[in-house]
Amino acid sequence: MRAPATSVRGGRPTTITSQATARMFVAPAVIVAAVLLYLPFLWAALLSFTEYRGLGAPEFVGLDNYAAMFDDPNFTISLRNTVIWVLGTILVPVALGLLIAVLTYNHRFGTWLRLPFLLPYALSGVGIGVVFGFLLQTHGAINQMLDFLGLPGAATRFMIDAPINTFTMIAAASWQAVGVNALLFVVGLQSIPKSALEAARMDGAGPWQLFRHITWPLLRPLTTVVVGLSIVASLKTFDIVWTMTEGGPGRRSETLAVTMYRETFSMQRFGMGAAIAVFLTALTFIAAMTYLRRQLSERPEKVR
Amino acid sequence: MKRTRRTIPPLVAAAMLLVACGGGGETDGVVGFYHDKAQWEAEFAAVSAVSQETLGTELNVVGYADDAAYDSFIRSSFLTDQRPDLFTWHTGGPLAELVEEGLVAESGHLWDAAIADGDVPADIRSFFEIDGATYCVPLLSDYWVMYYSVPIFDEYGFEPPQTWDELMRIADTLLADGQIPFSLPGGIFSFVWFQQLMLGMYPDVYEGLADGTANYTDPEVVEVMELWRELAAGGYTIEPGVEIGPAEMMRDGVVAMQPFGTWFHGPLNGLELTSGEDYDVFVMPSINPDLSETSVVVELGPLCQAEAARNADAAQEVLRWWMQPEAQTEFTVARNGMSYNPNAEAADPRLVEVSDQIATGHRIHNRYFEASPPQVSTVAMEQFDAFMADLGDPMDYLEQIQRVHEQHWSE
């Protein structure tokens, strides 16, 4: 076996010149990052203080865009819908994903049982929007099916009436997200030491007690990641809404990301669009930080 | 030597960026032609082939399917030195916005010649005039008419109606028999019924809304919205949220009548439907019988030349040629539409008849989308969409539109 490499320094001593050369070699990457990532962000932030329709020069208007934004009833609707999306995405795909993971883990056909849930993940959000938009249109396949089976809701206008249209779209998005959440939870379950579960079982713990006192606390680091990712993903919801309702009818089902797009590109109000973008960025940052801080600073619940 | 080595990487990076930013642009004999009518890619290519023969100028045709993306592309291109030589746009507010920034080349002398040659009716020039100067040339012109299903009309023995009462009698008969009479266009077409009903009842108020002398909360507008609500609530129009394409609705007889521009011939023929056999058109009669003329909307898509375009001379030649019978015949026949140029041939003789009919005793208006300032029409179309969804008190929606309307005209 070869001896581990000793920490003998390379033949050339580190000099100021070679450090400068190293910086030069890093420079292209730094410049690319600055031009492609930092500059656009700064430009958008600057634009949010201007009135600009994409022609001529932006006109500085101070905080007017922000004031107008909070004054706009459409923004309030959009913010409300975005909150519904965040709550819905945590409640439905995360909870269902956990349920599927727990029920199928250690099952003989566990992988096969989980596989169908994972298949929609291979589709793009836009594809899902188009397909569900087709199924859920007024008098569409879903209405006809409910009518045929004599179930309630046959006359529901899934894409038209608010807030039903938002709930409908969350259900469509969940159809895709459940599988991958289940997969992540299974990975979490695999990391739980068997000994802890066996010890609890020998102490006479039933399935619910096992879950409540062993599995759930030990899954916590993974739950934090899954919920954190879901919060960020739901705050930026765009594709499925754009393909299913375009935020309509009117602007009833818009999310903040859709409002940002519509103000910028449909209405050519670049300043207002940028203000919403800055608000959405701040909201995402604050939500993610608050959640992660809270989760990671608390001591994990003791395994009893 | 060391100095050289230190400066190389940033230089390489800068060079890469410059290479990435450069490129594109048109070469000699090729005029950039940008449009937002992606469905006519082949039709524009056919015209380009003819322009190459006649003018020795090839059109580099670049089409966009998404309005918002196209709008943003054109606007941002004016920030660069890659201005589009020629580009399609909208008359009215959207054109005024570009003209105000000095981005569009004047075309008055081209119009003078075309009108003198009888290639363009003089009365459509006003739609292209801003503060006394003329800009762009008409890419196409389409009248807004009522399309109807010939098989359905034949089944019931209906003739194209001459009056609103006749039209409603047809609609009542169809409705009683379970056939939905009318379509209900939404989204970017949510203004259609508003436009048609306004013009049928109060064409002067329609013009007043466009130039800021009337208000959306005026009793005439409320009355129009009430009629719209009555039609939709009464089941005369299809329910909102049905995602069947308009041409497919015609083919499958989902609805009997659809108000559209005559460009609708294109998609219908695309489904192998034949004008006069499967579908036909009539001019929608006035609702108010006291109106001396029937109002008809003309949709005029302008083809504009950017001010200080790179190939300005060649681009201007294309504009001049575009209004002439050769280009108009080529484009009109290719897209199965009609032409504003009476010397051009049309694909469908029915459209020639309709345009001759409209030429006398009809009052021409700009389409709502072009007639209104973009800031107002965007909000109006959202509100019309919401109104169609819940058919609530018209005033709730009109007040929202009035707010931006007032704001716009007070500035």
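## The interface between the chains

Chain A and chain B together bury about 2,800 Å², and 58% of this area lies on carbon and sulfur atoms. On the side of chain A, the residues that lose the most area to chain B are A:Met24, A:Arg53 and A:Leu55, which together account for 22% of what that side buries. The model described here is predicted. In terms of contacts, 27 residues of chain A meet 33 residues of chain B.

## Polar and charged pairs

The count of salt bridges between chain A and chain B is 3. One of them joins A:Arg252 to B:Asp390, with the closest N and O atoms 2.7 Å apart. Across the interface, 10 residue pairs are in polar contact.

Helix 1 (16–47) and helix 11 (256–266) of chain A each supply at least two residues of the side that touches chain B. Helix 1 of chain A gives the most to this side, with 5 residues. By residue type, the side of chain A that touches chain B consists of 12 nonpolar, 10 polar and 5 charged residues.

## The fold of chain B

Chain B contains 18 helices and 11 strands. Its C-alpha trace spans about 90 × 45 × 40 Å along the principal axes. A compact globule of 411 residues would have a radius of gyration near 22 Å, so the 24 Å of chain B agrees with that expectation.

Of the 411 residues in chain B, 54% are buried. Among contacts in chain B with a separation of 6 or more, 74% are between residues 24 or more positions apart.

Technical notes. Residues numbered from 1 in each chain as written. Chains lettered and ligands numbered in written order. Predicted model: local features only at pLDDT ≥ 70, side-chain atom pairs only at ≥ 80, totals over all residues. Heavy atoms only, no water. Contact = heavy atoms within 4.5 Å. Buried area = accessible area lost by both parts, 1.4 Å probe. Salt bridge = Lys/Arg side-chain N within 4 Å of Asp/Glu carboxyl O. Polar contact = N/O pair within 3.5 Å; in protein donor to acceptor, adjacent residues only side chain to side chain. Helix = DSSP H or I, 4+ residues; strand = E, 2+ residues; numbered from the N terminus. Nonpolar A, V, L, I, M, F, W, Y, C, P; charged D, E, K, R; others polar. Rg over C-alpha atoms; globule rule 2.2 N^0.38 Å. Buried < 20%, exposed > 50% of the residue type's maximum accessible area, 1.4 Å probe, protein only.
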